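Colleague: I would like to learn how to read a few features in a model. Can we go through one together?

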Amino acid sequence: QVQLVESGGGLVQAGGSLRLSCAASGRTFSSYAMAWFRQAPGKEREFVAGISRNGGGTNYADSVKGRFTISRDNAKNTVYLQMNVLKPEDTAVYYCAADSTNQWGTSRFPADYQYWGQGTQVTVSS
C-alpha cells in the first residue's frame with residue numbers, strides 16, 4: 001500500500017499559477033502510475049492528468065492541455081501538477097491517485113486507481 005498527501009492548494013486570481021505536490025510513502029513509488037483528479041461541487045470526479053511509472057508517458061484532459069503540466073521525481077517519491085493560466089472553472093478539490101496495475105501508461109478512470117490522497121482545495125477567483 002501507499003499513503004498519499006497533497007499540498008499546495010489555495011486561492012489565486014484568474015490567470016495565476018499554482019503548483020500542487022503529492023508526497024507518497026513507502027519504497028515502491030516507481031511501481032505506480034500516478035494521476036491527478038478533481039471534483040467540483042455538484043459534479044463527478046474528473047481526470048486531469050496522468051503520468052506513467054517512469055515518467056515517460058503523460059496524458060491530459062482536453063480542458064487543461066497546454067496549461068497544466070504533470071511531472072514526477074521518483075527519487076523524492078513526489079508527483080507534481082504545475083497549473084498555469086488558471087480559470088474559475090478550475091476551482092475544485094484536487095486529488096492525487098496511484099495505480100499499481102498499469103505497467104506502461106495511465107488510466108483516465110477513477111475506478112482504476114487503488115489509492116487516493118485527502119485532497120487539496122484550489123479556488124480561482126474571477
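Colleague: Are F37 and Y113 buried or exposed?

Modeller: This is a predicted model, where local features need pLDDT of at least 70, side-chain atom pairs count only at pLDDT 80 or more, and totals for chains, interfaces and linings use all residues. Residues are numbered from 1 along each chain as its sequence is written, and side-chain values use heavy atoms, with hydrogens and water left out. Buried means under 20% relative accessible area, exposed over 50%, partly exposed in between (1.4 Å probe, protein chains only). F37 and Y113 are both buried.

Colleague: How are the rings of F37 and Y113 placed?

Modeller: A pair of aromatic rings is described by the distance of the centres and the angle of the planes. Rings of Phe, Tyr and Trp (its six-membered ring) pair if their centres lie within 6.5 Å; planes under 30 degrees apart count as stacked, over 60 as edge-to-face and the rest as tilted. The centres of F37 and Y113 are 5.3 Å apart and the planes are at 75°, so this pair is edge-to-face.

Colleague: Which parts does the pair tie together?

Modeller: F37 is in strand β4 and Y113 in the loop between β9 (92-99) and β10 (115-116), so the pair links parts 76 residues apart in sequence. Strands (E, at least two residues) are DSSP runs, numbered from the N terminus.

Colleague: Which residues form the aromatic cluster?

Modeller: F37, F47, Y95, Y113 and W116 form one cluster. The whole structure holds 6 aromatic pairs.

Colleague: What sits over the ring of Y95?

Modeller: The charged end of R45 does, 3.9 Å from the ring centre. The rule is NZ of Lys or CZ of Arg within 6 Å of the ring centre and within 35 degrees of the ring normal.

Notes: Helix = DSSP H or I, 4+ residues; strand = E, 2+ residues; numbered from the N terminus.
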